[in-house]
Amino acid sequence: MTPTYYLLLSALLFSLGAVGVLVRRNAIVVFMCVELMLNAVNLSLVTFARINGGLDGQVMAFFVMVVAAAEVVIGLAIIMAIFKTRRSASVDDSNLLKY
Amino acid sequence: MTTFLSQNVERLQAPEIDYFAVAPLLIVLGAACAGVLVEAFLPKAQRWAAQVVLVLATLAAAGALLVAYASDEGTPDQGKTTLAGAISVDQPTIFLWATLLLLGLGSVLLIADRSVEPGGAFMPEATPSGGTYRDQAGGGAQALMTREQATRFGMQTEVFPLTLFALGGMMVFVAANDLLTMFIALEVLSLPLYLMCGLARRRRLLSQEAAVKYFLLGAFASAFFLYGVALLYGYAGSVKLADIATATSGTDRSDTLLYAGFGLLVVGLLFKASVGPFHAWTPDVYQGAPTPVTAFMAACTKVAAFGGILRVLYGAFERSSWEWQGVLWGVAIVSMVIGAVLGLTQTDVKRMIAYSSVAHAGFLLVGAISLNEQGLSGTMFYLMAYGFTTIAAFGVVSLVRNADGEATHLSQWAGLAKRSPVVAGVFTFLLLALAGLPLTSGFIGKFAVFAAAVEADMTPLVVVALVASAVAAFFYLRVIVLMYFSEPAADGPAVSVPGAFTTMAITMGVLFTLVLGVWPPKVLEWAGTGAFIF
Amino acid sequence: MTTAELIADDPLWLIVIKVVGIFAFLVVMTLFMINWERKVVARMQQRPGPNRVGPGGWLQSLADGLKLAFKEDIRPVLADKWVFFLAPVISCVPAFVAFSVIPIGGEVSIFGERTALQLVDLPVGVLVVLACSSLGVYGIVLSGWASGSPYPLLGALRSAAQVISYEIAMGLSIVAVVMHSHSLSTSDIVDAQSGGWYFYLLPVSFLIYVVSMVGETNRAPFDLPEAESELVGGFHTEYSSLKFALFFLAEYVNMVTVSALATTLFLGGWRFPFVGDDHLLNSGWFGLLWFVLKTLAFLFLFIWLRGTLPRLRYDQFMRLGWKFLVPVALIWFVAVAFARFLRQEWEARGGLDTSTALIVIGAFLAIVLLIAFLLPDKREEHDPNAVPVTGGGYPVPPLDLAVPKAPPRRQVPVAELPTTAGGDTGARTQEPAAVTASKEASDGDV
Amino acid sequence: MLDPYLPLVLMFALAAAFALFSVTAAPYIGPRRYNRAKLDAYECGIEPSPQPVVGGGRMPVAYYLTAMLFILFDIEMVFLYPFAVSADRLGLFGLVEIVLFVATVGFAYAYVWRRGGLDWN
Amino acid sequence: MSWVLIALLLLPLVGSLVVAFLRGNDRLAKLVALAFSLVELALAVLAWTAYDPGGDRLQLTSSAEWIPTFGVHLSFGVDGIALVMIALVAFLVPVVIGGSWAEKLPEGRSAGGFFALLLAMQTGMVGVFAATDVFLFYVFFEAVLVPMYFLIGRFGGPNRQYAAMKFFLYSLLGGLIMLASVIGLYVVSREEIGQGTFDWATLVTVTRDAPLSTQIWLFLGFFIAFAIKAPLVPLHTWLPDAGAEAPVGAGVLLVGILDKIGTFGFLRYCLPLFPAASQELAPLVLVLAVVGIVYGSLLAVGQSDMKRFVAYTSIAHFGFIALGIFAFSSQAGAGAVLYMVNHGISTGMLFLVVGMVMARGGSRLIEDYGGMAKLTPVLGGLFFVAGLSSLALPGTNSFVSEFLVLIGSYPNEPVFTVIAALGMVLAALYVLWLYQRVFQGPVRGTALVDLAGGPGAAVDPERAPVPDLNKRELAVLAPLVALILVLGFYPKPVLDVITPSVGATLSEVGVADPVAQEGK
């Protein structure tokens, strides 16, 4: 199984995540889509590391994991704050700011 | 998995680190950690003072060390790369670090002020979120809150360590020499900002929604950036800018990866810089965030983002410029047009400045893509000038208040000159600087950038930019007209007397705007001293 | 010929045999364990315990299991169909998979095929176990969430929080072991202990692991998720028949797995103490015997704890996890790192050199950490107007389980019910209105 | 020589097959004598209160907090394990680095502790 | 003597600051402002005496480095043209201060601010004419806008906000387009001579051999900016509004001097820097100029508002000036420059007397007046003088300049000249008709009737309800009248200063001067 398939898969996952961010309105779901994108990137990083025969890609994947985790924490914090203020986590409800 | 072999295997060679060069960085980040400890162990009463002292001392120390390093004869003229080539402390880095530290100082002063808004602009301790605070019915936390209560509750001093973390991230970002470091720095500077946006004392819902919007879009953008990094890694087999540059000069690789990677990467960067079509978050966040934080974002984030853009473009993609320059032309034009045109329709001061920042991002991009020394120095000068003007402008905005917080609606600014001619005069000066009139730093910056662009045969772009800035001038003028020529509204806002900190911040901003406009040569030369090294 | 290489060239049939064998082993252990537990606890409580079915009542659990199969299978109306259906599977499968990396014996020959008594020896074996135990959490949470009923939800949340909390301590305690064995592969860890078992080389790690192992498996005294008196049955309240059996199975398999891991990590796995590797007692199938015995010892510990200790309160439980185990584990890790480094320095050149200064600095940092962690934590006073706050300013409705006053059913639309069980329910229910009001009030001029 | 992960897959398949079989078989083996009371959520005999099918917004916030802390330390472990495996090779440099790393996490930890993030009431 | 220019620059700036701090005490502020402007006038005279017409191209020069990075210098200097313009500034400002002594400002505005802005603007205007560094020129060019913007916007008529905004945006847009050309100059000079410079003298030698296309682009950049300033027809629409809404004093400076920056720019920058381009595009400019003359005059005829009327007349006059400049003959050029001075004087006076009429009648509309000469004979007379001067009656100053322009440009551009001559006729028409409507005939018009007590009432001068000019107003108008007559009969001193510079300019353009040839 050539690495290309993994790249395609990661591209697919990434696009899925991106589309999800664009179409879904619930903050938490949007946020999960972002995480999906990050992990898709991880996949391609590892694949490229395999192709290039180096370890950099895999190390990068570590860092990406950390960043993803940090984003999770921050995101949960913000979403929780807004969720306690108004009992909903839907981006649609946050319409005070004019577009 | 062979256990015993690993006993006597040779030690790993530790990368040598030039601590002197990266000292400012270490100080800022270390102080941020110290700030967290202060939060943890000091009683609530002493936190604010301790934090302010800590932050100011940190900035001072970092600045001093930076000057010491820059002026030390031991340092190579073109700077050096350290930390195994991850960080390069070259002349642009030093310039940008100095800019960041100064602008950071200004923003911190704004953040620390507790006199304009009793108790500070940030949500009080122990009142987690609007809904659960007892004065639910009132507009913002202050409705049922007396001044004493406000000052007793104080403000959430976590904002100081957060600021330092963000600042440290920015400093790494402009110095990062490989894309991975850049990405980490990007996150380190973004995550605290997301939180800071949601901490406003007034209009907490607005603030929190600004935070959530900024966060979601920001995470989205950084995912793009990261995917770009991955593709470029696949393309060049390394994330070092230099390696990518060498790879682009080679021909045997797949250009698809290069273009896709570059595109995604740049999208992420442009988002942070709130350029062109990737500006969607800017007005909302600028409006919703607490004004001091807005000032911090508008000034420092812009500097950091464009520092990164410059480094990436010059370091990694200069050779392949003919591939992408056209696209960035378009982006710059879109950005300038959006900023100028949508700015006309705004009725809120903060949103207006937000759109103007979009337009300015366009101008900056014009300088950044001209890819010559004038472009580099001009853009950096522009960044410094714009940063100071913006900080002072937001400082003034934070002064104009009515019963429930800042009166940011334009109609409330009518006839401000009657109430307080000084504030109106200062703001007028800043607006003229933003509009780029001569004798203000804005003009010199524009001139430098556009000169570089014409140098690079981008005259049409420059003409567009000039027209855009003429259009943009219109909405600055509108504010001046409101302040001076129209009669004040009956229940207009009062201009609260600024505390020492805010005064210092505004004064600093105005002074720099004036000095950089009237006597810029020194700074211009400094900005032009050296190029990036990789 | 390392274990990995031995296993690597197993033929397919041998692998299948091993898979089936381990599966059977786990199921049997479960059945035996249930019975044994009941008997031992009974003995501790001066009563006979199960003694009807089979010889000495030893088939009781089998009978129960069969009986469960013939019970009515109920899915509540409010439950989410598919998740409710899948949750038992999700919690059951990882339990089995986790065990497959455990080395249960040394090198043997099965039908003339030289191999090691271990299904698979991965370079990341330990991580596989941790990963599987984390996956098990999904089963728990989903089951509680899908049941559409308050008790399971709360039980699930509790046990999830509990599992992840203690997983931290567990993981941190393992790190020290890994430092000694330079490998994450279970078999390498076992080999590395030929020089000496880790439970006395790394006593702190061992103790932390044992405690967190109990917490990880939601066993007494940490069995709050199933706290009958508070939560009926916990996350599987709504489950019956074989679905329930699966949860039960998963729980006991997990017990076996963590015990086996403890054996592997700290008790030298399948090795017999005091004798060299080539000794008879360490050869062939003896390993399996020693392994089972050690594992049973741990399992007995489980039972013993259950029989003797009362259940902790939830806050006590969390405090133990977060405020004692985690910091101790961290400091222990740092200490071990220092110790190893010093020893190496010593071995390298018979004495310490310039780098000592840096080490002192590091040690100083560790001390600072110690102080930081063990400072008496006095909560800050909060103004009476704010709701009770936990952590970085996030309000927590007190975990009282007051079921909101039940209106006559099917007459109150869902939306109007208070969404959270808050301390001052009245105030909170008006809140959304108040919030919007304040929103208009504050943003009228925006 | 087969893929080293194959046995893992087989074990997974076996366990999954067993579990799936049980959950699917259960309704058919067991009797079916439903009545409405059985299908209601069990609330100790109290009339169950109707509520949204999926537990929307019923998660007590404290659990979010625990989740955050878990993520924090889990990520810390992600870095501790690689260090632990090759600790001896990394030498003094690695030691100092890891101590700084742990210290940094420790700061956050101390902050959470002091702010009562670890208290349950 | 080069300090004179610096002093001319700094003095009003200091003055404006001082006055700005005296906002509390209007009377004192006025006096201080007047004093400063008079000293300035003295300095200007000094500069005039120090200038040697036969001397260098630029005199009284001084230079200091400003922004070495861009090769920008703070360098000043004057040629004849700039000198007369500076003299005009120095002369008009005290007149204006006197003229707006009793200006009725909108409520809540302090006279101190008004005069401070006037002085600040004087600095800007002197700087524009004195700068010999293109960058510096641009800086002053833009800097002048701000005080004028505030003068119109704060102290102007009812519609002031709109007018101020329109004025500012027009000028700013023009300025920015010019900025593009300025940058272009910089880059061209970089390419031609190693490092970039903005020094005018250097640039003149550099840019003339730049390729034609480049020259044309750069020329257009400058030209549009100047065409907006000196309103040539398609870009003139801001002037009537600004002129009409501006307070009288500001109006005088606006039309009298600010607009001259445009024509001055033609002479100083467009022609010498881009000779080829200016010859290439001269026909275009001439068309615009002539159209301006006719169009301006026609609209002036049709005006019902006196201030707008003045604005339109000056549009016509600027047509003449532009014609003179782009006819490329020394006579026409000299005439044009002289015209710039005279127009400043005559239109300034016209503005002032209109202001005085309005101060009495309280209205800007022509039909509100009538037969005013009966009530205020002196004012009427002076109004008539101003009118005659602006229709260029022989014997008044404008006649000389207009005549020079026409005969000077005839050899090169007969057609345009003939059409332009039409403008003179129209001028006579609109001036006289306006005078007749306002001052002749029986007393009528809502602005006067109630003052005079009934239409056609026999009015005896003793109890004239409408006061005639007072001493201050006479003192303000007297010097203007004097100059009109002096320059009308004896323009030589001014021409002597102007002609060499114009000749030099033309030689820089490199065209054969037809008139000179005839002279041979």
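Figure 1. A residue is called buried if 20 or more other C-beta atoms lie within 10 Å of its own, exposed if 12 or fewer do, and partly exposed in between, with C-beta atoms placed from the backbone. The model is predicted: local features need pLDDT of at least 70 and side-chain atom pairs count only at pLDDT 80 or more, whereas totals for chains, interfaces and linings use all residues. Residues are numbered from 1 along each chain as its sequence is written, while chains are lettered from A and ligands numbered from 1 in the order in which they are written. Helix α9(C) comprises residues 203-216 and reaches 19 Å from its first C-alpha to its last, close to the 20 Å expected at 1.5 Å a residue; the expected span is 1.5 Å times one less than the number of residues. Helices (H or I, at least four residues) and strands (E, at least two) are DSSP runs numbered from the N terminus. Among the buried residues of α9(C) are C:Phe206, C:Ile208, C:Tyr209 and C:Glu216. The buried residues of this helix pack against α5 (125-146), α6 (150-181), α8 (198-201), α11 (241-266), α12 (286-308) and α13 (314-348) of chain C. Just after α9(C), C:Asn218 adopts a positive phi of about 55°.

Figure 2. Chain D contains 4 helices and 0 strands, and 37% of its 121 residues count as buried. Helix α4(D), residues 87-114, spans only 32 Å between its end C-alpha atoms, whereas a straight helix of 28 residues would span 40 Å at 1.5 Å a residue. A kink of about 80° is centred on D:Phe93; the bend at a residue is the angle between axes fitted to the seven residues ending there and the seven starting there. After α4(D) comes D:Gly116, with a positive phi near 75°. An unreviewed UniProt entry lists residues 61-83 and 90-112 of chain D under "transmembrane region"; its positions are given in the numbering used here, feature names are shortened, and annotations may be inferred rather than shown by experiment. The span 90-112 is 100% helix and 0% strand, with its end C-alpha atoms 31 Å apart.

Figure 3. The bridge partner of E:Ser62 in β2(E) is E:Phe76. In the hairpin, 4 residues lie between the strands, and E:Gly71 in the turn has a positive phi of about 60°. Strand β2(E), residues 72-78, is mostly covered, with 6 of its 7 residues buried.

**Figure 4. The open sheet of chain B.** The 3 strands follow the order β4-β3-β5, with antiparallel pairing. Strands β4 (405-406) and β5 (494-495) of chain B stand at the edges with a single partner strand each, so one side of each has no neighbour in the sheet. Strand β3(B), residues 400-402, is joined to β4(B) by 2 bridges; B:Arg401 has B:Glu406 as its bridge partner in β4(B).

Figure 5. E:Val385 counts as buried because it has 21 C-beta neighbours inside 10 Å. Leaving aside neighbours within four places in sequence, E:Val385 is in contact (C-beta atoms, placed from the backbone, within 7 Å) with E:Val481 and E:Ile484.

Conventions:
Two strands pair if DSSP finds at least two bridges between them. Two residues are in contact if their C-beta atoms, placed from the backbone, lie within 7 Å.
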